Amino acid sequence: MRSDKRLWQRCRRLVDDLDLPTPFDTARFIDMLARTRGRPIELVPVAARPHLPCGLLVTTDHADRILYPADTTPLHQQHIQLHEIAHLLCGHHETSPAASSAAQVLLPHLPASLVQRVLGRTVYTEPQEEEAELVASLVLNRAAQLDRADAAAPAPAAPEDVRLRSLFGSPERRNPGRTEARSNRGGPDARQNQERPDARRSPWRT
C-alpha cells in the first residue's frame, strides 16, 4: 500500500510539471515535449501485426519513434501514444533491454544499425507498465481539468472594444454623477411636491 502511494505521488509530480496545450491535443503535446527534450519524437502509424505489441517505442541515435496501429479508433491510438510517451517520461527506455526484431518487421526501411532500443509491452517489466498506465491516465485527467477551466473562463475583450474604451472610457467613468442626477432631478422643491399630495392641484381649483 505504501509503495502504491509513493508511485502515485511520483507520477503526479511528473505530470504536474508538464506543459499541456489547451485545448488538449495529443500530437501537439508530443511536439511540445520533443522541443522541451531537444530530441524529435515521431508518430508512425503502422499496420497491426499478430504477435507484435500494439505500441512500440523505437529509439535511435537522433530521434524517438512511437509506432501505433493505423487501423484502430482514434481513442485507442491516443491511449497507445500517451502510454509510450509515459515510458519516455519515466525513463524506462534507458533501463530496458534492446530488441530490434519488431522494428525490422514494422520499419523495414530503417537500418538495424540505427536502432538502439525497441520497447514494447513484451519488454517492459510489470511495474513499468503500471507506472506508464498511471502517467498516461493522469495526463488525460489533468488535460480535461485544464480544458474545463479554460471553457469556464470569460472571453477576453475584443481589440476594438479595448481601443474604444481607451479612447472614450467606460460609460461609468464618463458620467459618474448621471445616476445620482437622475434621482435628484427637480431639486428640493420637486421632492417637497412629491411629499405633499395637494401640491399638484391647480391654484384655480377650490
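**Ground rules.** I'm looking at a predicted model, where local features need pLDDT of at least 70, side-chain atom pairs count only at pLDDT 80 or more, and totals for chains, interfaces and linings use all residues. Numbering starts from 1 along each chain as its sequence is written, and side-chain values use heavy atoms, with hydrogens and water left out.

**Strand β2.** I took helices (H or I, at least four residues) and strands (E, at least two) as DSSP runs, numbered from the N terminus. I checked β2, residues 56-60, and five of its five residues are buried (under 20% relative accessible area, with a 1.4 Å probe and protein chains only). Leu56, Val58 and Thr60 sit on one side, Leu57 and Thr59 on the other. In a regular strand, side chains alternate between the two faces of the sheet.

**Its partner.** I found β2 paired with β3 (residues 64-69), antiparallel, over four bridges; pairing takes at least two DSSP bridges. Thr59 has Asp64 of β3 as its bridge partner. Three residues lie between the two strands of this hairpin.

**A cis bond.** I noted that the peptide bond from Thr22 to Pro23 is cis, with omega near 0 degrees. Pro23 is in the loop between α1 (2-16) and α2 (26-37).

**Helix pair.** I looked at α2 against α3 (residues 74-90): their axes come within 11 Å and cross at roughly 15 degrees. So α2 is roughly parallel to α3 (angles under 35 degrees). Residues in contact (heavy atoms within 4.5 Å) include Phe29 and Leu33 in α2 and Leu82 and Ile85 in α3.

Terms used. Buried means under 20% relative accessible area, exposed over 50%, partly exposed in between (1.4 Å probe, protein chains only). Axes are lines fitted to C-alpha atoms, for helices over the stretch in contact, and angles run from 0 to 180 degrees between N-to-C directions. Angles under 35 degrees count as roughly parallel, over 145 as roughly antiparallel, 65 to 115 as roughly perpendicular and the rest as oblique.
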